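Here is a friendly briefing to read alongside the model. Have the sequence and the 3D view open as you go.

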Amino acid sequence: MVNAHRPRLRFAQHFLVARGVIEAIAGLVRPAAGEVVVEIGPGRGALTEVLLAAVDRLVAVEIDRDLVALLRARQDARRLRLIEGDILQVDLGEVLRDAGGCRLLIVGNLPYNITAPLIFHLLAHADCISRAIVMVQREVARRLVASPGSKDYSLLSVLVAMRAEVEMRLQVERDCFRPVPAVDSSVVELHFAPKPRYAVQDADCFDRLVRQAFGQRRKMLRNSLLGLNPEGGRPWLETLGQQAGIELTRRPEELSLEEFIRLSDACSHLGKDRP
């Protein structure tokens, strides 16, 4: 039986068992014509079964080979394509090409141990994703929707905002899972843009600058950004702040996305001295 599968700690397996929550998540999916639904971590197949009742074809990515075998034995292979492997290593663009659709619609209960890397993986494939309806730890959900100046505002908040709009959809208590995790969860919906939502002169420079800033978020920008150009030192930083029109005594959580873009564009204007 599928329910006899013992959760594996190394895969951070917590299976959603609350029927009402499962149906509520499935109700958010509603794929448009040409969208290919991809479930991340189908587990025992509770959500998978509900999705298959509503969509013609489903792709699911599962790392646990025992669960893959169980799902293959239980589901119609003509309607469910199972990919055995680590979602972080899956080329989502290739999944889309193989399915012959126009965009992917991602759904799933994201493993707690890889939540942030997995969201960054989705961002790397944002050009082929329309929406993602995902369950994450409530702390991560707060970071995804956080505004500048709040304690939850983070690297994740800024980088996600460049490619997606985020909505909080459902609050899910820990007792909806087996085994019961140590945290509560939330379901968020990300609406991806086919290209960056804001113009930036150098996307790589922007990414490095934001990561450098939040890598030392308790420090003022004049200290946390010093590592971008050690040879340029304080004079380079002073020029950077002047060109961006931003006081570098501020901390990263105080800056809006637009202000990070101004800093990044100032780096680009500095030519060879940019990071």
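Let's begin with E253: leaving out residues up to four places away in sequence, E253 touches P148, G149, S150, Y153, F214 and R217, where contact means heavy atoms within 4.5 Å. This is a predicted model, in which local features need pLDDT of at least 70 and side-chain atom pairs count only at pLDDT 80 or more, while totals for chains, interfaces and linings use all residues. Residues are numbered from 1 along each chain as its sequence is written, and side-chain values use heavy atoms, with hydrogens and water left out.

**E253 and its setting**
- E253 sits in the loop between α10 and α11; helices (H or I, at least four residues) and strands (E, at least two) are DSSP runs, numbered from the N terminus.
- With a relative accessible area of 17%, E253 is buried; buried means under 20%, exposed over 50% and partly exposed in between (1.4 Å probe, protein chains only).

**Helix α11**
- Helix α11 covers residues 257-269, and its 13 residues should span 18 Å at 1.5 Å a residue, which agrees with the 18 Å between its end C-alpha atoms; the expected span is 1.5 Å times one less than the number of residues.
- Because 10 of its 13 residues are buried, α11 is largely enclosed by the rest of the structure.
- Those buried residues are L257, E259, F260, I261, L263, S264, D265, A266, C267 and S268.
- The cover over them includes α7, α8, α9 (221-224) and α10 (233-244).

**The second largest pocket**
- This pocket holds about 300 Å³ of space, a volume being the space filled by probe spheres set on grid points that are joined across faces, edges and corners.
- A pocket here is an open set of points where a 1.4 Å probe fits, on a 1 Å grid over the protein atoms alone, with protein on both sides within 12 Å along at least five of seven lines; lining residues have an atom within 4 Å of a point.
- Its lining has 13 residues, and L159, M162, R163, A203 and D207 lie nearest the centre.
- At least two lining residues come from each of α5 (115-124), α7 (155-163) and α8 (203-215), and α8 gives the most, with 5.
- By type, the lining has 9 nonpolar residues, no polar ones and 4 charged ones; Ala, Val, Leu, Ile, Met, Phe, Trp, Tyr, Cys and Pro count as nonpolar, Asp, Glu, Lys and Arg as charged, and the others, Gly among them, as polar.

**D91**
- D91 is found in the loop between β4 (80-84) and α4 (92-99), and is partly exposed at a relative accessible area of 36%.
- A polar atom of the D91 side chain lies 2.9 Å from the backbone nitrogen of G93.
- Beyond its neighbours within four places in sequence, D91 is in contact with R97 and H125.
- D91 and A124 are 33 residues apart in sequence, with their C-alpha atoms 9.9 Å apart in space.

**Backbone points to check**
- Most residues other than glycine have a negative phi, and most peptide bonds are trans.
- R30, in the loop between α1 (19-29) and β2 (35-40), has a positive phi near 40°.
- R30 is exposed, with a relative accessible area of 54%.
- R178 and P179 are joined by a cis peptide bond, with omega about -10°, and P179 belongs to the loop between β8 (177-178) and β9 (185-192).

**The chain overall**
- The protein chain has 11 helices and 9 strands.
- Of its 275 residues, 52% count as buried.

How values were computed. A polar contact is a pair of N or O atoms within 3.5 Å; within protein, one must be able to donate a hydrogen and the other to accept it, and residues adjacent in sequence count only if both atoms are side-chain atoms.
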